[in-house]
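I opened my notebook for a friendly look around this one. Here is what I looked up, entry by entry.

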Amino acid sequence: MKKRVLVTGASRGIGRAIAERLRGQGYDVVTHSVRSEGTDLRFDIADREACRAAIEADIAANGSYYGVVLNAGIADDNAFPALSGEQWDRVLRTDLDGFYNVLKPIVMPMVSARSQGRIIAISSVSGVVGNRGQVNYSAAKAGIIGAVKALAVELAKRSITVNCIAPGVIETDMIKDIPAEEVKKAIPMRRFGRCEEVASLAAYLMSEEAGYITRQVISINGGLC
Ligand code: NAD
């Protein structure tokens with residue numbers, strides 16, 4: 001039977017590339033987005049009750065997930081003196097609370113299935129080293145790293161691996177407003193990453209071959225840090 005894998009934020013960008021790659025490798029991929037964007041599931045990851053209802057219904061109808069890629073996320077940048085409480089709350093509620101809201105209904109069915117498992121969270125270079133104008137986003141993405149490391153310890157005995165991918169600057173809608181040529185100068189490889197490159201790493205972490213990798217943050221950033 002095909003392994004069921006949920007990819008959040010799979011309507012575009014990195015999430016879509018990961019979903020396509022995993023589908024190509026024979027996984028039964030369940031796609032998700034925030035709005036009606038042609039995905040299997042739709043809910044706001046900041047809405048705990050909506051996450052619970054949609055995920056529990058899918059698991060009841062189709063079975064537990066072997067893997068999950070927590071990819072959905074937002075940024076809302078501003079220099080700290082101008083960063084509003086609303087910007088802080090929205091990014092923390094979406095990117096960090098989303099980790100809890102999506103995983104909570106998934107983990108116990110995954111454990112009960114006794115068929116190992118894979119949890120991959122998309123953090124960011126901003127969560128590893130911090131980034132100007134992204135105090136809110138860096139806090140949320142660093143929080144995900146802490147959560148992943150703790151959960152990895154809890155789930156290790158069940159052979160469920162829990163890891164972070166920390167991308168640098170990847171060509172997607174999220175970076176459309178940055179000064180591209182200036183940013184590239186700071187990247188040793190002098191280019192942005194491609195969604196497919198992140199998807200390759202996610203596919204490896206999802207594979208059986210990666211079964212002894214857990215509690216790790218794996219960067220993919222062209223040498224940025
Ligand atoms: P994107 O904006 O192209 O896509 C974001 C996806 O997340 C979409 O499918 C959208 O529907 C979903 N989403 C957004 N808000 C949501 C919400 N409240 N509830 C449910 N779904 C929601 O973004 P991307 O560049 O592909 O980024 C994907 C992930 O990678 C994000 O977590 C982002 O923080 C992270 N990341 C991106 C970069 C980059 O340079 N693009 C770098 C590091 C990390």
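Is V91 buried or exposed? I found V91 buried, with a relative accessible area of 0%; buried means under 20% relative accessible area, exposed over 50% and partly exposed in between, with a 1.4 Å probe and protein chains only.

A note on what I am reading: this is a predicted model, where local features need pLDDT of at least 70, side-chain atom pairs count only at pLDDT 80 or more, and totals for chains, interfaces and linings use all residues. Residues are numbered from 1 along each chain as its sequence is written, and side-chain values use heavy atoms, with hydrogens and water left out.

**Entry: around V91.** I placed V91 in helix 3; helices (H or I, at least four residues) and strands (E, at least two) are DSSP runs numbered from the N terminus. Setting aside residues up to four places away in sequence, V91 touches I74, A75, D76, L96, N136, Y137 and A140, where contact means heavy atoms within 4.5 Å. I also checked V91 against L151: they are 60 residues apart in sequence and 22 Å apart in space, C-alpha to C-alpha.

**Entry: the cores.** I looked up the largest nonpolar core, which has 30 residues, and V102 and I119 touch the most other members. Such a core is a set of buried Ala, Val, Leu, Ile, Met, Phe, Trp, Tyr and Cys residues joined through side-chain atoms within 4.5 Å. Helix 2 (48-62), strand 4 (67-70), helix 3 (85-112), strand 5 (117-122), helix 5 (135-155) and strand 6 (160-167) each supply at least two of its residues. Helix 3 gives the most, with 7 residues. A second, separate core of 24 residues includes I14, L22, A203 and M206. Beyond its neighbours within four places in sequence, I119 has contacts that include V68, L103, L151 and I160.

**Entry: the ligand.** Which residues come nearest to the ligand? Of the 31 around it, I noted S11, N71, Y137, I170 and T172; a residue counts as near if one of its heavy atoms lies within 4 Å. An N or O atom in the side chain of Y137 is 2.5 Å from a ligand oxygen. For the side chain of T172, I read 2.5 Å between an N or O atom and a ligand oxygen. The protein covers 95% of the 820 Å² of accessible area that the ligand has on its own, by the Shrake-Rupley method with a 1.4 Å probe. Helix 1 (13-24), strand 2 (28-33) and helix 5 are the elements that give two or more residues to the shell.

Key
Polar contact = N/O pair within 3.5 Å; in protein donor to acceptor, adjacent residues only side chain to side chain.
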